[in-house]
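This briefing walks through a single protein chain, topic by topic, for a reader who has the coordinates open alongside. Please keep the structure in view while reading the points below.

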Amino acid sequence: MHLASAAALLAAAALAVLFAFPLSAQAMEVERWTAQPNDDALEKVMGATPTRVTWQGQTAEDESLSALAIDLPEGSSVDAENVKVTVMNGLDRLDVASKVQVDGGSLVTVTFPEATPAGSLVMVECNRTLLPGDGGTFGLTGSYTTADGQTLDMPATDKTFDVVSTSPAEQLSTWLGMQDWVKAWNSNKFLHLFFDPSIIVTSVPVVFSGWLIAIALVIVSFPLAIPIGLLWSFMRMAKSRVPRALGATYINIVRGTPLFLQIYIAFFGLPLLGIKMDLFVLGAIVLVLNSSAYLAEIFRAGIQSINGGQFEAARSLGMNGAQTMFYVIIPQTVRRVIPTMTSEFILMYKDTSLLAAVGVMEIMMYAKTITAATGNVTPYIVAAGFYLIVTIPMTKLINSMEQRMAGGRKKRKKGVTITSEEAVLPDSDAAVSKSLRMSETLAGSNHISH
């Protein structure tokens, strides 16, 4: 009996407290908290890329709003002029004045000089909003103020949206796209299609990965092509008819057909035979086989340019044919053909672009993918820049080597400038006579000085 009486008293006291201090009812119901997809496929929300964040809330039938505060995810930014506020009653849009203020780039505050009608629907659209570049999942935080002056937290909701992180290059591209000078630059159709700064920024890191693949292809293929080319060269110059015919046939077929055709035969013909390889490996094999044929002719020309006296001198010292070739002829040949070999290296590097047609992810393949997505030619210009990074220095190196081998560099000794008039072989009669002329010149200058 005593316990029952105590329980009844507690219940009565609780009811009295409820009637004396009524709890504030949560008047607001959040109906929408979304971010519009802004990637190329319109499937994901990318960070640091302009998008639209929409909040929509329904007030209770007996309450109206005088202010509203929405706290965007930390790191977001939006301008007050890009925030749109709409108040509706059912399907009717109401003419309700509002004032928008953005603090810290992310806290959007909307005030209504005249409170919204009770039971109205309020929608806030934050256009061109930049969400955090690091990405994440973001829920709703904020508060609202009713017409009677009560400030309440936003109702709890399970509505969230996911933001995909973006790279620093993509963030820089977005920032550039909003600059006035970039907009003025892109107002010219030619500059926009070929030299769009924002697309250049995003293309460089992507094409760079393809550039590494192209460099790797050449670094792997060219050293392998040198000994194979030397082997074909020996076969081409062999005294026996069979190896000479084999070498000539291979070299003529490879040099007489386009590399593009050879790539297609390898990449589409071998799978029909049940032979499957990694695309990178198969691409390297095709480049090796193609380049070796050209190197074979380069080596043959270099070997045949060696004075016959070198062979005779080596044989007189007791060397056999193999020793003469590897210790006397080839070292001299390599020095003479280095410029031409460097040119072949450049050609192989540029020919890696043909592998894009069969799916090898090199420079052109990445540039082609970006161009297809953006409808802009700028990625191809970026690709051209990556090719020039290698070809221009290598071309200068070739010119320098050719000048040295031709004896075109000026040499200074004791105030006398000596310049060769023509390229001569080091063991030729012309070289001997040139050396005599140089000696006479030096002797004459020394005699005058004394």
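**Briefing: surface patch, helices and side-chain contacts**

Helix H3 (180–186) and helix H5 (197–236) each supply at least two residues of a nonpolar patch, which lies on the surface and consists of Trp181, Trp185, Phe190, Phe195, Ile200, Val204 and Ile381. The model is predicted, and the values that follow should be read with that in mind. The secondary structure of the protein comes to 13 helices and 14 strands, and 37% of the 450 residues count as buried.

**Overall picture**

- The protein exposes about 25,800 Å², and carbon and sulfur atoms supply 61% of that area.
- Among the contacts between residues at least 6 apart in sequence, 72% join residues that are at least 24 apart.

- A polar atom of the Ser203 side chain lies 2.7 Å from the backbone oxygen of Ile199.
- Once neighbours within four places in sequence are left aside, Ser203 is in contact with Ile370, Pro379 and Val382.

**Segments annotated as transmembrane**

- An unreviewed UniProt entry places the feature "transmembrane region" at residues 208–232, 253–273, 279–296, 345–367 and 379–399.
- Over residues 208–232, one of these annotated segments, the chain is 100% helix and 0% strand, and the C-alpha atoms at its ends are 35 Å apart.
- Residues 379–399, another of the annotated segments, are likewise 100% helix and 0% strand, with end C-alpha atoms 30 Å apart.

**Ala225 and its partners**

- Ala225 lies in helix H5 and counts as buried because its relative accessibility is 0%.
- Apart from neighbours within four places in sequence, Ala225 is in contact with Val288, Ser291, Ser292 and Leu295.
- The C-alpha atoms of Ala225 and Ala293 are 8.5 Å apart in space, although these two residues are 68 residues apart in sequence.

**The salt bridge in helix H8**

- The structure holds 1 salt bridge, in which the side chains of Arg300 and Glu297 meet at 2.9 Å, N to O.
- Both partners, Arg300 and Glu297, lie in helix H8 (residues 279–304), where they are 3 residues apart, or about one turn of the helix.
- Glu297 has a relative accessible area of 18% and is therefore buried, since the cut-off for that class is under 20%.

- Just after H9, Gly318 takes a positive phi of about 95 degrees.

- Thr342 is found in helix H10 (residues 321–351) and is buried, with a relative accessible area of 11%.
- The side chain of Thr342 reaches the backbone oxygen of Ile338 at 2.8 Å.
- When residues up to four places away in sequence are not counted, Thr342 touches Met394, Ile398 and Met401.
- Asn399 has its place in helix H12 (residues 378–405) and is partly exposed, with a relative accessible area of 37%.
- A separation of 7.9 Å is found between the C-alpha atoms of Asn399 and Pro339, which are 60 residues apart along the chain.

Note on methods: Residues numbered from 1 in each chain as written. Predicted model: local features only at pLDDT ≥ 70, side-chain atom pairs only at ≥ 80, totals over all residues. Heavy atoms only, no water. Patch = residues over 30% accessible without salt bridge, like charges linked within 9 Å, V, L, I, M, F, W, Y side chains within 5 Å. Areas by Shrake-Rupley, 256 points an atom, 1.4 Å probe, with all protein chains shown as cover. Salt bridge = Lys/Arg side-chain N within 4 Å of Asp/Glu carboxyl O. Helix = DSSP H or I, 4+ residues; strand = E, 2+ residues; numbered from the N terminus. Polar contact = N/O pair within 3.5 Å; in protein donor to acceptor, adjacent residues only side chain to side chain. Contact = heavy atoms within 4.5 Å. UniProt positions renumbered as here; feature names shortened; annotations may be inferred. Buried < 20%, exposed > 50% of the residue type's maximum accessible area, 1.4 Å probe, protein only.
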